[in-house]
Amino acid sequence: MKPGWLVVSILLVTFCCTNADDSDSDPVWSYQCVNDRCIKTAISEESNPLSKAISLPACRLFCGPGTGLLWPQPTGPIEVGNELAHIDPEQIWFEWDENLRQLTPLWEANKERFRKQLHKKWQGVQPKPGGRSVRIKLDVQDDSLTLNYGTDESYKLTVGPGENAELLATITAKTFFGGRHGLETLSQFVQYDDLRSELQMVASLNVSDAPVFPHRGLALDTSRNFIDLESLRRTID
């Protein structure tokens, strides 16, 4: 073996071993909300033990004016509890009125989209197994899919304890469009805690919301700035 290859081999072995040690080590940083900002803080058994440490996604969820990074901010009253519950991404169930058959294909599509949104939160890292199951109840009154300036897009979202220790999220809306907005808001109250390798959801929540304006739009200037199709699809989604 040439001397150069020997040096490269030693460096690769050292790099791999270092990465393995880093992946198994305990986290050393957490975050605290100070003056509406998430400040990095060292984990210490004396002043900031791991059992009480807050991850950056959790800090962003609660820190700041209004409701953290929730977007758009709800137009109605909102109450958010300070407890995060470990949930099982494989135990998320949906319920809706089967009599509103026109909406069934749309709810099926939104169910799959919601699950994909959750999987993106841990970015390829396998979360810790177990956790509470989540039941999402979609209570929509009208099966009309007419969307115009007079469409009622309001919704109410509540999260609390359900049966058999599960979490129950109820979205009440007049139309499918309001229910879809509620589901989008709910997805923002789920976060991956990288300190504990858990997917977590706010355990207590009450939100009343409706769009501020009947028409919302977005302009993408593709004539002077090239935007690939994947970026366009991601923006629209």
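Predicted model: local features only at pLDDT ≥ 70, side-chain atom pairs only at ≥ 80, totals over all residues.
Residues are numbered from 1 along each chain as its sequence is written, and side-chain values use heavy atoms, with hydrogens and water left out.

**Exercise 1: the disulfides**

Work out how many disulfides the structure holds and which parts the link of Cys33 and Cys63 ties together.

Solution. 
- Step 1. Apply the cut-off: a disulfide is a pair of cysteine sulfur atoms within 2.5 Å. That gives 2 disulfides.
- Step 2. Take Cys33 and Cys63, with sulfur atoms 2.0 Å apart. The angle about the S-S bond is 70°, making the link right-handed. Cys33 sits in strand β1 and Cys63 in the loop between α2 and β3, so this bond ties together parts that are 30 residues apart in sequence. (Helices, H or I with at least four residues, and strands, E with at least two, are DSSP runs numbered from the N terminus.)
- Step 3. Check accessibility: buried means under 20% relative accessible area, exposed over 50%, and partly exposed in between, using a 1.4 Å probe and protein chains only. Cys33 is partly exposed at 46%, whereas Cys63 is buried at 7%.
- Step 4. Now take Cys38 and Cys59, whose sulfur atoms are 2.2 Å apart. Here the angle about the S-S bond is -110°, and the link is left-handed. Cys38 belongs to strand β2 and Cys59 to helix α2, so the pair ties together parts that are 21 residues apart in sequence. Cys38 is partly exposed at 24%, and Cys59 is buried at 5%.
- Step 5. Number the bonded cysteines of the protein chain in sequence order, and you get the pairing 1-4, 2-3.

**Exercise 2: the aromatic pairs**

Find how many aromatic pairs there are, and say whether Phe94 is buried or exposed.

Solution. 
- Step 1. Set the rule: rings of Phe, Tyr and Trp (its six-membered ring) pair if their centres lie within 6.5 Å; planes under 30 degrees apart are stacked, over 60 edge-to-face, and the rest tilted. The count comes to 3 aromatic pairs.
- Step 2. Look at Phe94 and Phe114: they're 5.8 Å centre to centre with 85° between the planes, an edge-to-face pair. Phe94 is in strand β4 (residues 84-96) and Phe114 in helix α3 (residues 104-121), so parts 20 residues apart in sequence are tied together. Phe94 is buried at 14% relative accessible area, and Phe114 is buried at 1%.
- Step 3. Move to Phe176 and Phe177: ring centres 5.5 Å apart and planes at 70° make this pair edge-to-face too. Phe176 is buried at 4%, as is Phe177 at 7%.
- Step 4. Ring pairs also bring in Trp107, giving a cluster of Trp107, Phe176 and Phe177.

**Exercise 3: positive phi**

Locate Asp36 and Ala165 and classify their accessibility.

Solution. 
- Step 1. Asp36 isn't a glycine, yet its phi is positive, near 65°. You'll find Asp36 in the loop between β1 (29-34) and β2 (37-42), partly exposed at 49%.
- Step 2. Ala165 likewise has a positive phi near 65°. Ala165 is in the loop between β6 (155-161) and β7 (167-173) and is exposed at 54%.

**Exercise 4: a cis bond**

Identify where Pro72 is placed and what kind of peptide bond joins Trp71 and Pro72.

Solution. 
- Step 1. Pro72 is in the loop between α2 (56-62) and β3 (78-80).
- Step 2. The bond between Trp71 and Pro72 is cis, with omega about -5°.
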